[in-house]
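Dear colleague,

I am handing over the structure we spoke about, together with some notes on what was found in it. Please open it alongside this message and follow the notes with the model in view.

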Amino acid sequence: MKMNYLYPRIVGKINDDHSLYIDVKNIPGKNQAVLIDCGNNSTLAVKDFIKISTVLISHAHIDHLIGFDNLIRMNLREEKRIRIIGPAPLSTLLHHRLRGYTWNLVSGSKFELEIWDIFPRIIKKFLLRCCEKFAKKHFLEKISSHNPLFSNKWYECSYIILEHGIPSIGYSLKEHDQMKVDKNQLSALMLPEGKWIQKLKTGDFSSGESIIIDGTTWNFKNLHEHLITISPGFKVCYITDTICNKRLHKQIVRFIQGAHQFYCESSFLNKDAALAEKYYHLTAEQVGHLAKDAHVERLYLIHFSQRYTSPDVLLAEAKKVFSNTSFPHVPRHSRITRKV
Ligand SMILES: [Zn+2]
């Protein structure tokens with residue numbers, strides 16, 4: 001049976017400053033979560049805040065960072081390190097933000113933030129410690145930028161640099177493809193199941209390697225071709241606050257290719273394309289074309305200009321180009337009750 005690990009949902013109301021919360025389930029140990037952007041997340045349950053292990057920030061405009069303080073407040077007593085990734089100089093901005101509070105009662109805290117500043121060609125990592133009252137920004141390392149940005153046993157995260165007058169970052173989380181054995185082919189070849197199947201699935205064999213099964217010699221590479229089918233891993237993409245010229249259209253389409261869920265800003269109608277360009281945003285029609293050209297499965301519209309009385313007009317415009325478009329499902333609200 002195919003196992004899924006990533007479960008995304010939008011936090012807040014439909015036309016709110018949004019965040020995308022991605023539950024990471026079915027992994028050993030404590031479940032985790034990835035949060036994309038820190039919009040108005042005051043409706044997120046405390047247990048959900050505590051699960052967050054990684055935060056991906058598109059850019060530092062206030063509507064994408066307004067919920068940062070909630071994230072810190074809910075995790076302050078936790079013995080954990082949250083990784084926060086976004087465009088440089090994110091570490092400086094967040095450091096200043098934390099220095100704006102008084103921290104005289106947290107000396108025993110084990111809570112830490114590891115912040116990655118994304119530059120065009122490099123990534124710099126820094127550490128902020130609660131027990132030090134977030135006073136010092138420790139330099140950890142500098143690495144050359146690469147995709148995937150990070151990867152683990154279950155999924156990988158990639159990024160794309162967009163154009164919003166400033167760099168804005170789009171993100172993609174994708175479960176690894178899963179190798180499955182074609183049972184019909186297996187019985188057609190009259191092969192018994194055994195440990196060798198696991199080796200076949202992982203691809204952990206050399207090109208000329210063979211195996212003797214019931215007295216017959218089989219080449220692993222041939223067996224792999226005949227017996228293994230690839231089930232593509234679930235992919236969720238998030239693009240917000242960018243223009244879309246020819247170059248970016250091509251790059252974004254490649255980046256979101258085949259996504260099962262594509263969350264995208266849809267700020268303006270096509271009749272207001274001049275405004276979209278002026279404020280470095282997308283029109284609903286452009287978003288529809290991105291989804292269509294990238295053959296995504298489902299497009300969810302987020303982030304609408306307040307100039308329209310209802311976002312329904314934006315949905316209608318995107319749907320004309322890509323019919324499998326909707327607003328995301330909005331979760332039930334809960335209250336923040338935790339005290340530090
Ligand atoms: Zn913005």
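**What was found**

Strands E4 and E5 pair in the parallel sense over three bridges, where two strands count as paired if DSSP finds at least two bridges between them, and where helices (H or I, at least four residues) and strands (E, at least two) are DSSP runs numbered from the N terminus. The model is a predicted one, in which local features need pLDDT of at least 70 and side-chain atom pairs count only at pLDDT 80 or more, while totals for chains, interfaces and linings use all residues. Residues are numbered from 1 along each chain as its sequence is written.

In general, strands of a sheet pair through backbone hydrogen bonds, either parallel or antiparallel. In the pairing of E4 with E5, the bridge partner of Leu56 is Ile85 in E5, and E4, helix H2 (residues 68–75) and E5 together make a right-handed β-α-β unit; right-handed here says that, with the strands pointing away from the viewer, the path from the first strand over the helix to the second runs clockwise. A right-handed β-α-β unit is also made by E3, helix H1 (residues 46–51) and E4, and strand E3 (residues 32–36) is joined to E4 by four bridges, running parallel, with Val34 standing opposite Thr54 in E4. Strand E4 (residues 52–56) is mostly covered, since four of its five residues are buried; a residue is buried if 20 or more other C-beta atoms lie within 10 Å of its own, exposed if 12 or fewer, and partly exposed in between, with C-beta atoms placed from the backbone.

These strands belong to an open sheet of eight, in the order E1-E2-E3-E4-E5-E6-E7-E8, whose pairing is mixed. Its edge strands, each pairing on one side only, are E1 (6–11) and E8 (138–144). E1 runs antiparallel to strand E2 (residues 19–24), to which six bridges join it, and Arg9 stands opposite Tyr21 in E2.

Seven of the 10 residues of H9 are buried, so H9 is largely enclosed by the rest of the structure. Just after H9, His295 takes a positive phi of about 55 degrees.

As for the protein as a whole, it has 10 helices and 19 strands, and 36% of its 340 residues count as buried. Leaving aside its neighbours within four places in sequence, Phe262 is in contact (C-beta atoms, placed from the backbone, within 7 Å) with residues including Cys237, Ala291 and Tyr300.

With best wishes

How values were computed. Two residues are in contact if their C-beta atoms, placed from the backbone, lie within 7 Å.
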